[in-house]
Each structure stands twice: as structure tokens, then as C-alpha cells.
Amino acid sequence: MKILAIETSCDETAAAVVEDGRRVLSDVIHSQAEDHKVYGGVVPEIASRLHAEHISSVARKALEQAGTGLEEIGAVAATAAPGLIGALLVGLNFAKGLCLSTGKPLVAVHHIRGHVAANYIAFPKLAPPFLCLIVSGGHSHIVEVLDYTSFRVIGRTRDDAAGEAFDKAARVLGLPYPGGVHIDAAAKHGDASAFFLPAPRVEGSPYDFSFSGLKTAVINLVHNLKQQGKTLTEAERNNVAAAFQRTACDMLAKRFILAAGNLGYKKLVLAGGVSANSLLRARLKADAGENGLKLFVPPPGLCTDNAAMIGAQGYYEYAAGNLAELSVNARATCQIDNC
Ligand code: KG4
Ligand code: ZN
């Protein structure tokens with residue numbers, strides 16, 4: 001069955017046509033990153049307006065590129081939560097309008113479930129159960145994926161999400177928004193041992209993360225250098241980026257591998273925008289190899305926000321009978337295992 005999927009939870013207006021949850025027939029993304037760059041982050045009101053401007057043409061392009069007429073579409077899936085509420089409403093209401101006018105079923109998809117499902121596209125034989133590390137701009141979770149639509153969160157961030165920490169560290173280093181990819185690039189030329197940065201444990205919660213201390217340490221480090229009248233050299237910037245990245249990836253990898261060992265998972269899956277990070281990918285690959293675990297990592301284009309992943313998860317929600325009423329509302333927050 002072909003699903004037309006819509007994703008507008010943040011600053012990408014995206015639409016895709018996906019067949020049977022695994023085969024991507026089209027995947028169209030209109031990124032607003034350039035529009036938000038000047039503000040150093042996503043401005044919700046601007047995001048909503050731009051989604052409203054682009055959603056129709058992006059959806060039309062997705063159908064055209066798939067060579068599919070609306071009549072061949074079995075259901076429309078749209079991200080309904082979590083995300084920027086105004087942004088979500090644009091995509092969800094667009095999908096509702098399509099369903100209202102065509103009589104097709106509507107599937108409301110949880111954005112983070114979508115990130116997990118990106119792996120079903122990348123790895124056609126991958127099936128639950130597995131343990132997933134989800135690291136995005138708004139979320140950092142270790143999740144047991146018990147089935148396609150059944151999840152249990154066993155670890156989470158207590159403060160900032162991993163991507164948020166990357167973006168804030170990048171900002172203080174004077175790197176452009178969104179910063180994760182620039183930290184990744186700068187770190188390749190830096191020496192991670194040039195600076196020591198803290199990676200605190202969360203007392204009593206072995207699988208939880210805390211990034212705020214690390215973020216503050218980077219801010220203080222850069223401010224101290226500046227207070228000494230020094231302008232940050234490119235080499236120093238690269239070193240701070242490398243030290244930050246190594247500490248953040250170390251924290252993520254250690255908790256993930258520990259959880260896999262304790263809970264007996266042999267299949268590990270990575271998801272979300274930060275899983276595009278080259279060190280995190282390399283580090284987990286090495287750790288998984290050493291521990292006899294199989295690691296699945298989607299290609300970078302499927303790690304960051306896209307509608308194909310919403311089409312993949314939408315298929316499994318549909319198959320499980322999880323159809324939405326046209327009265328369904330978007331929600332800014334809601335848990336992957338309790339939404
Ligand atoms: O999953 P995503 O596209 O959007 C959310 O659902 O939040 O994740 C975006 C996050 C941003 O914080 C961005 O800086 C980060 O993913 N990111 C990276 C890399 N590429 C994107 N972080 C570290 N290294 C990267 N290569
Ligand atoms: Zn996302």
C-alpha cells in the first residue's frame with residue numbers, strides 16, 4: 001500500500017510516498033535552515049508561515065516524483081507530535097484536508113517513532129525487537145522497540161537533548177546554525193585531549209544522560225579564553241569542538257552499550273539527527289563489534305528530519321489499526337511510549 005506522508009514538526013517541510021513501509025518512491029524536503037540561520041535557531045512563527053507557503057507544492061512534488069496519482073494513495077500519514085505546535089498544525093491540517101476531500105484514512109504519526117522507522121527503509125530486513133538510541137535536536141532516549149508500535153523508554157536526558165547541546169556548543173564557538181554538522185567538521189581537525197570536559201553521571205539512573213553540565217563547561221571555557229583577552233584561534237576552536245564531541249559521544253555510547261548488555265539485546269539501532277555524527281557512528285560501530293552486537297545506522301540523509309520515515313512508521317501504525325479521527329489534534333509534547 002502506498003502512503004503519502006507529511007512532516008512539518010520543525011523547520012523542514014517534507015512529503016514522501018512510501019510503499020509498504022519500506023520502499024521510498026519519493027522523498028521531497030524543503031529546508032528552512034537558511035531562513036532561520038540569521039536568528040541562530042528556529043523561530044516558530046516563521047517556521048509555521050513557511051510551512052503554510054510550501055506544503056502544497058512539496059506534497060504535489062512528492063506525488064509527481066513517485067509517478068503516483070492521489071487515487072493510488074491508500075492512506076495519508078502526518079506527524080502529529082511532538083514538535084513546534086504551529087508547525088505541526090500546518091502539516092496535520094493539510095493531511096486532514098486531503099483525507100476529508102478524498103475519503104482516505106488518516107494516520108497520525110509520532111515524530112520520534114518516525115526516526116526509529118527510518119531504519120526500516122535503510123535495512124529492509126530489520127524487524128523489532130531491538131534497542132534504539134534516539135538522539136535528535138529535541139530528544140535523547142534509549143528505547144526498547146518491542147514491536148513496530150510498542151516502545152518502552154529506559155533512559156532519557158534529564159536536561160538538554162544531545163542535538164541541542166551540539167547546537168549550543170556550536171553557537172558559542174561562532175559556528176553557524178544548525179551547529180551539529182559544523183562541530184562534526186571542526187572536530188576532524190582538532191585534538192580532543194587538548195581540553196578536559198565533564199561528563200556527569202545521573203545518580204541512580206545508569207541509562208540517563210545529562211548534557212547541561214557539558215554545555216556549560218564549553219561556554220565557560222570559551223568565555224575564560226576571551227576574558228584573558230584571547231580571541232579563539234581556529235586551532236583552539238577545533239580542539240574545543242573535538243573535546244566536546246568526544247565527551248558527548250562517549251556519554252551516549254557508554255549508556256547505550258551498558259543497557260544492551262544488561263537487558264540482553266544483540267541488535268542495536270541508531271536514530272535521529274545526531275546519529276549523522278561521524279564520531280558517534282564510528283564509536284558505536286567499534287563498541288558494538290567488541291561486544292558481539294549488531295549495529296544498524298541509517299545513512300545521514302535518513303537520520304535528519306524527512307517524510308519518508310513518517311511514511312514508514314505510518315504504514316505500521318495503519319497495519320496495527322491505529323487510524324486517526326479527523327478531529328485529532330497536534331501536540332507539542334508526548335512520549336514515544338505513552339502518546
Ligand atoms: O532529528 P533532527 O533532524 O530534528 C529533530 O527532530 O530535532 O535533529 C536535528 C539535530 C540538530 O541539533 C543538529 O545539529 C543535529 O541533529 N545534527 C548533528 C549532525 N547532523 C545533524 N549533530 C551532530 N553531528 C552531526 N553530523
Ligand atoms: Zn526529528
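In the predicted model, the zinc ion (ligand 2) is coordinated by His 111 and His 115, each through NE2, and by Asp 305 through OD, at 2.0 to 2.1 Å. The angles among the 4 donor atoms of the zinc ion (ligand 2) run from 96 to 133 degrees, and the site is tetrahedral; for four tetrahedral donors, the ideal angle at a metal is 109.5 degrees. Along the sequence, the donor residues follow the spacing H-x3-H-x189-D. Both histidines belong to helix H4, which comprises residues 111-122, where His 111 and His 115 are separated by 4 residues, or about one turn of the helix. His 111 and His 115 are both buried.

The disulfide is left-handed, because the torsion about the S-S bond of Cys 334 and Cys 339 is about -75 degrees. Cys 334 has a relative accessibility of 11% and therefore counts as buried, whereas Cys 339, at 48% relative accessibility, counts as partly exposed. Cys 249, by contrast, takes part in no disulfide, the nearest cysteine sulfur being that of Cys 303, 13 Å away; Cys 249 is buried, since its relative accessible area is 2%, which falls under the 20% limit for that class. Cys 303 is likewise in no disulfide, and the cysteine sulfur nearest to Cys 303, that of Cys 132, lies 11 Å away. With a relative accessible area of 0%, Cys 303 is buried.

Note on methods:
Residues numbered from 1 in each chain as written. Chains lettered and ligands numbered in written order. Predicted model: local features only at pLDDT ≥ 70, side-chain atom pairs only at ≥ 80, totals over all residues. Heavy atoms only, no water. Donors = N, O, S within 2.8 Å, 3.2 Å for Na, K, Ca; no water. Tetrahedral: all angles 85-135°; square planar, octahedral: opposite > 155°, others 65-115°. Helix = DSSP H or I, 4+ residues; strand = E, 2+ residues; numbered from the N terminus. Buried < 20%, exposed > 50% of the residue type's maximum accessible area, 1.4 Å probe, protein only. Disulfide = S-S within 2.5 Å.
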